[in-house]
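User: I would like to learn how to read a few features of a structure. Please take them one at a time.

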Amino acid sequence: MAEAHPVGFQWVMEAKRRGAKVFHIDPRFTRTSALADSYLPIRAGSDIALLGGVIRYILDNELDFREYVVAYTNAATIVTEEYADTEDMHGLFSGFNDDNATYDQSSWRYEGHTQAATTQDSETQRETAAGLENESHGAPVGGETERDETLQHPRCVYQILKRHYARYTPEMVERVCGIPQEKFLELAQAWTENSGRDRTGMLVYSVGWTQHSVGVQYIRTGAIIQLLLGNVGRPGGGVMALRGHASIQGSTDIPTLFNLLPGYLPMPHHANHPTLAKWVDSIAHPGQKGFWGNARTYGVNLLKAYWGAAATADNDYCYGYLPRMTGDHGTYQQVLDMIDGKIKGYFLLGQNPAVGSAHGRAQRLGMANLDWLVVRDLFMIESATFWQNAPEIETGEIMPAECRTEVFFLPAASHVEKEGTFTQTQRLLQWREKAVEPPGDARSELWFFYHLGRVIRERLATSTRPRDRALLDLAWDYPTHGPHAEPSAEAVLLEINGYDVTSGRPLASFTEMKDDGSTAGGCWIYTGVYADGVNQAARRKPGAEQSLVAPEWGWAWPANRRILYNRASADPDGNPWSERKRYVWWDAEKGEWTGYDVPDFEKTKPPSYRPEHGASGVAGIAGDDPFILQGDGKGWLYAPTGVLDGPLPTHYEPVESPVRNPLYRQQANPTRKVYTHPINTLNPSPPEPYSQVFPFVFTVSRLTEHHTAGGMSRTVSPLAELQPEMFVEVSPELAVGRGLTHLGWAHLVTARAAIEARVLVTDRLTPLRVDGRIIHQVWLPYHFGFEGLVTGDSANDLFGISLDPNVLIQESKVGTCDVRPGRRPTGPALLDLVADYQRRAGITPGQHAPAVTEDNEGKEHGAS
Amino acid sequence: MLPDPNSLYGPLDPAPDAGYENAPPRMGFFTDTSVCIGCKACEVACKEWNGVPESGLDLLGMSYDNTGALTANSWRHVAFIEQPRTAGHLAAPADVLGAPVDTGSDRPVEAGPQFLGMPGAQPPGRGWGAEGRTDFRWLMMSDVCKHCTHAACLDVCPTGSLFRTEFGTVVVQEDICNGCGYCISACPYGVIDQRKGDGRAWKCTLCYDRLGAGMTPACAQACPTESIQYGPLDELRERAAARVETLHDRGVPEARLYGHDPNDGVGGDGAFFLLLDEPEVYGLPPDPVVTTRDLPKMWKRAGLAALAMAAATVAAFVGGSS
């Protein structure tokens, strides 16, 4: 966190001053480790084994916050008999379908529920990254469940959890992660001791944690621990996701993702959502509890914001105009389609895939096969100059004279040269003013898209073709100002907030939204940011002049609520769990919820409220159900549906690993998204033969001095000079073993690429003893590319493409490689080197390890 | 007449001594390395505000330090010291804020010489094998001009380019500097430096232009963890003493101040530090002395020598004529 989020790390230092204990778990010793109380080196890709060990420690020693767990989580809920666990199936859950390597989730359902109410088959869900839809609302389940609050029923979630993690012993943690048992126990003890009625503990991760073939399950494992310890919905608790850029949270809320619309409404699928009614029903799940019952309202308001007066009840509010998904349109599928010539044109905004995305060579070859490419950036980045400067020029794979891609480079305004909001990890919107005019032709994104739309609409103005109606009917009328006709960002924020169509009055809350077209709002969860016609995101009352929650600094969605699910900060009767952790509570005299924050609960619903049998939507949420967006109002230790790779996180090895999974016969995530495109060659992992050709683990991350793919730092002298060259960090032991010298050169080889880097020999990298052998890990920064003041080979070139099935995030934080002294060969010899490695490793194009690991001759792994 | 010897050595409030009437309180930096996260925001903020040019695109291999030293083109310098814990630590191991650290099995301390943070032939890390690994320390420290009470650079400057400000800081006026370079050899810390292709001497101004406007120097403003604190020196010294005490209470006996003592060889620094090891580990001189300290003595000796020479000459003539 100190390494990639130094400004946010000030609050960790502040917590330390007040006595907080900080543990840091990372494959390399970073600036964060230097300031932490304790540092645990870990083998990259083994986090679920570590956290599973913590879950076992909690359950075995009964250290869970029992009152919280029974009342607020689904620990007591009973699961159907049909469910079978990884314990009994060599690392698979019940319902696995060999044909398409997905799970039929119906056997995971709660007892008494007829069928997990998904509307889509699991293959379509994987194709469309459906897991993202669950980011802010639970997967669909019925509201009424069978429970055993003594937690003794053998099929209650608590007991299932206990069995599932029984084999994640401290010995196993040591064997899988390379973390000494005493270090593990120190962590487990500190975490549990600092949780409960009087204390809370926080789990903080950065984006790299998600970039695994089991990325979603990493986060879920953390969430299970935090729920068991009562650390969710309470001050000082939670799972804090540090985002990778200033407004990545904002770009999921108002998404730049293919499968989401603003406010976590799913992008319609052409086959499953033919009508508005079908689309909103697939979100609301009639009969389910919670706030998603009003999905129609949110959907209609979005359509009204898009199409204004043209959107009427008679035409389903122009629902027919919305684009439809037909399958996987994720970034990696698109790149492979570019290579295959299926995509003609592409827009890149603030993104540098030639350096920043996995399998850089595939990225560059894909872009070199487009008709046209628009790049909007602050500097001439690698993704704009690949056709003349890419490493593939030297190898002869791209010839500048013949490269067909026409690149349009449009200079962009930086964040200080335009106004708008950033939404950070706390869902806090902070307005920023324009400080200086952008230089030359540089313009804001808002300017670009507004005028692009304006020009296209002018060109089409006389068109009578039905397909152009969606564009021509858009409400595309923003006030502009200045010599360049810059659209008003505040006008856009007002539209996002929502307003009464007749009077124009800004809405104060999404509860004011109507589903009859009388209100319009671009993102229901942002409603209130422009309440009273005031830009609430621009508020900057100093912290010293207000309460610790600081409600008058910026504005947080939803409803300016700073901690989600904060009903859980009070006990089931509505009283604070403790004086020390008082946050939101029930005021019996006034008959309302009150506290330091905006209560995340219906204001006057008493703790004693119990829904009528069969109640759905908001009315179905009981007075002691804090998780108001979940179908059963409970925090999910166990996911009866919606998580495509299983109801409980399970340790699978990374797709590329030098180690046979010590826990199960199943080696890697069986449901991972596999691309068998011939360019996507993967290193073999046990039990496949020849994994020893790539004996070392490599991981990549950031340096404080640089920003992501380097477009904003390698181009700027005061930053570039602070880390002026690509390097690889190796332990002294590996340096001796491989003949590497400090500040000398090394090159790293995978089945995709060979890259070179200067060597830093350092004790900050340590060999680990894993499953009885020494595993060496090396670390690289992923900031370097071939443009800018400082250049170097790109670490992401080393990765292949393997994705998490839930959200299609790539596994780009762990892989295997070989490390050799000296510089890499150049020109065609470079291709020969990689080809030679492929040959030695027995890799043929399109060949991938089977989804389900067959290993009948081997020992039974980890069975107790 | 020779100046009061005390003005070249010992405790002093430099601004009034330099002739300022009703000078504001002496301002300075307290850099607490125990909370430094090595982000180098200070280096970048300094360069941005002061328009300091690039100092070279070289990978130095000194851990994450690619700046190397304070130079004409680097007025803040963050040192990184990768340090195995060695026998030098007598008390129970503890981290910088005081919680005990489990070192696991003892490292074989005889395995190598103590690493002093100096660049050398050996790589900064030395291995003990997978079993012998324990936590080690990664020290970070943002170095800067010390703005000495007795600033030798200022004393030797023949043009008056270097001057004492009303805040007690020491600033080079680039339009007066003639590039003679006397100040460079005079600085006991090796801070001030000549810019290549320019010839003039450059160093930290403690953001004199910001101070006059009531603003905080750029580096301190940018520091996210308050490792660099700016304020009246008296307050900073109190705060620093309290911080050392806190750290000692929390089991960090190695915490000590550097440059805080008005009785040291430079009369105390306007920019002083809390360190977690010997100054040499950070590349700081252990006992800096203002290079002009002995000037009065030297003048006396020179005077005596001149008198003796004169007497001898007179004697020789007198003797010769006799």
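This is a predicted model: local features need pLDDT of at least 70, side-chain atom pairs count only at pLDDT 80 or more; totals for chains, interfaces and linings use all residues.

User: Which residues of helix α13 of chain A are buried?

Analyst: A residue is buried if 20 or more other C-beta atoms lie within 10 Å of its own, exposed if 12 or fewer, and partly exposed in between, with C-beta atoms placed from the backbone. Helices (H or I, at least four residues) and strands (E, at least two) are DSSP runs, numbered from the N terminus. In α13(A), residues 331-339, the buried ones are Tyr332(A), Gln333(A), Val335(A), Leu336(A), Met338(A) and Ile339(A).

User: What do the buried residues of α13(A) pack against?

Analyst: Contact here is a distance test: the C-beta atoms of two residues, placed from the backbone, lie within 7 Å. The buried residues of α13(A) pack against α15 (360-367) and β29 (802-803) of chain A. Just after the helix, Gly341(A) has a positive phi of about 75°.

User: How do I read a sheet?

Analyst: Strands of a sheet pair through backbone hydrogen bonds, either parallel or antiparallel. Two strands count as paired if DSSP finds at least two bridges between them. In chain A, three strands form an open sheet with antiparallel pairing, in the order β12-β13-β18. β12 (420-423) and β18 (555-556) of chain A are at the edges with a single partner strand each, so one side of each has no neighbour in the sheet. Four bridges join β12(A) to β13(A), residues 428-432, and Thr421(A) stands opposite Trp431(A).

User: How many residues does each chain bring to the contact?

Analyst: Chain A brings 47 residues and chain B brings 41 residues. The elements of chain A that each supply at least two residues to its side include α1 (9-17) and β25 (754-761). By class, that side of chain A has 25 nonpolar (Ala, Val, Leu, Ile, Met, Phe, Trp, Tyr, Cys and Pro), 13 charged (Asp, Glu, Lys and Arg) and nine polar residues (the others, Gly among them).

User: Where does Gly268(B) lie, and is Gly268(B) buried or exposed?

Analyst: Gly268(B) lies in the loop between β9 (256-258) and β10 (271-275) of chain B. Gly268(B) is buried because 25 other C-beta atoms lie within 10 Å. Leaving out residues up to four places away in sequence, Gly268(B) touches Thr149(B), Gly259(B), His260(B), Asp261(B) and Pro262(B).

Notes: Residues are numbered from 1 along each chain as its sequence is written. Chains are lettered from A and ligands numbered from 1 in the order in which they are written.
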